[in-house]
Amino acid sequence: MGIDDHGQQEQEEIREPVEEKNGGKKWKKVKVNLKDHINTPTFPKIENPPHLYDQHLNNYLSNLASSQFPQDQPLWEIHIIKYPTTTAAGHLIFKLHHALGDGYSLVGALLSCLQRVDNPSLPLTFPSLKSNPEKKKNNKVLRFVKFVPKVFLGVFNTLYDFGWEVLKSSVLEDDVSPIRSGVKGVELQPMVITTITFYLDRVKEIKTKLKVTVNDVIIGVIFFGIRLYMEETSYESRKAHSTALVLLNTRNISGYKSVSEMTKPKSDMPWGNNFAFLNVSIPKLSNEKSSNPLEFIYNAHKLIKRKRNSAAVYLTGRLLEALRKFRGPEVASKYIHNTLKNSSTGVSNVIGPVEQMALADHPCKGLYFSIVGAPQSIAITMISYVGKLRIAFAMEEGFVDQQKFKSSIENAFEIMFKAALHSPN
């Protein structure tokens, strides 16, 4: 799809959801008017680029995040920003409705359009998703003795975690705090988007020093930064009950597939929304944790390790599928909406390529994604790209202080980095 040199529109067929007679939904092909989907905004002319265009871009993103899709056309838009900023010579924005697919599907579709800058004939590669295998013990009896209690512990963790997930989706709400306004219809409030970047090499230094995983470090830094922001904004809120809703893909991911592969019947990596979620309590900021911030990383490590010995994520995914299948997509959507509404923030991450990418021979300097329209005051999204971890924050405008929040996350990382380097082996 595109616009030719003469400005004439091409029309392509694309699939759009439509109601069937029996109340079910399927996809049908419709004609697309590209003028309705491809936007090239005009910013006011300024005399001192590029830094002054940063604010214009931020305002445009805020308006874009707050606007609704027209309901009489396919739910996607492309915005081409032809103005330089302090970060890039131009920006390409894809606005896609979650009904089209989850992060795995949409990122996979995007990557199908991109090539490696260094060698377009080679495929993109991604960080390994497999952990280092543990060395097996030779003593079979010892392995059996450890296995039995692990099974019982797994059953207990599953029942506890799944029960808590159901309660969080129905009756248990987080406290109102500096990161949760609790306003009804918060998803309709104006949003602002800001971003930060961390070098993955520095993240891995902390990981190696503390003998944990990259995910442990990231979650620990985010949680510590959130508590620093809450304490600075309102000291009493340091003890507020707050949870983060972590979105998890339910596929057995081994890498991205092309769109054609994902849309094949019975594909092992099917297109669509295949995700579940996990409510994770954000540790409270006590005096002990203030003096030893690495406790946030160690807590994340223990929590993630315990969750691995639980089938709650699988059961949550099956519950969502059962609700969709037997009670309809509206009921499943309401269940997800209540779960998001009752938590304080959402956290989602996807893996990005190791090599720099290009779109139509234009190198991509950076890559971010964000989630807007959720009933939360803050949504946190992360993607790795060319040795950097890129984090985007979508925040309720006028409620969350974006500069203070951003500084809190950056300060949390620096504090933890220094503490990890000086910690005993």
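Biologist: Which residues have the most contacts inside the largest nonpolar core?
Modeller: Ile-391 and Phe-405 do, in a core of 47 residues. A nonpolar core here is a set of buried Ala, Val, Leu, Ile, Met, Phe, Trp, Tyr and Cys residues joined through side-chain atoms within 4.5 Å. Buried means under 20% relative accessible area, with a 1.4 Å probe and protein chains only.

Biologist: And which helix gives the most to this core?
Modeller: That is α5, with eleven residues. Helices are DSSP runs of H or I with at least four residues, strands are runs of E with at least two, and both are numbered from the N terminus.

Biologist: What is Phe-405 in contact with?
Modeller: Ignoring neighbours within four places in sequence, Phe-405 is in contact with Ile-179, Ile-226, Tyr-229, Ile-378, Phe-393, Met-395 and Val-400. Contact means heavy atoms within 4.5 Å.

Biologist: Before I go on, what are the ground rules?
Modeller: This is a predicted model, where local features need pLDDT of at least 70 and side-chain atom pairs count only at pLDDT 80 or more, while totals for chains, interfaces and linings use all residues. Residues are numbered from 1 along each chain as its sequence is written, and side-chain values use heavy atoms, with hydrogens and water left out.

Biologist: Back to helices. How do the axes of α4 and α5 cross?
Modeller: Helix α4 (residues 200–210) and helix α5 (residues 214–233) have axes that come within 9 Å and cross at roughly 105°. Axes are lines fitted to C-alpha atoms, for helices over the stretch in contact, and angles run from 0 to 180 degrees between N-to-C directions. That makes α4 roughly perpendicular to α5, a label for 65 to 115 degrees.

Biologist: Which residues in α4 and α5 meet?
Modeller: Val-203, Lys-204, Ile-206 and Lys-207 in α4 meet Val-214, Val-217 and Ile-218 in α5.

Biologist: How many bridges pair β4 with β5?
Modeller: Six, in the antiparallel sense, with β4 covering residues 76–81. Ile-81 has His-91 in β5 as its bridge partner.

Key:
Parallel < 35°, antiparallel > 145°, perpendicular 65-115°, else oblique. Pairing = 2+ DSSP bridges. Buried < 20%, exposed > 50% of the residue type's maximum accessible area, 1.4 Å probe, protein only.
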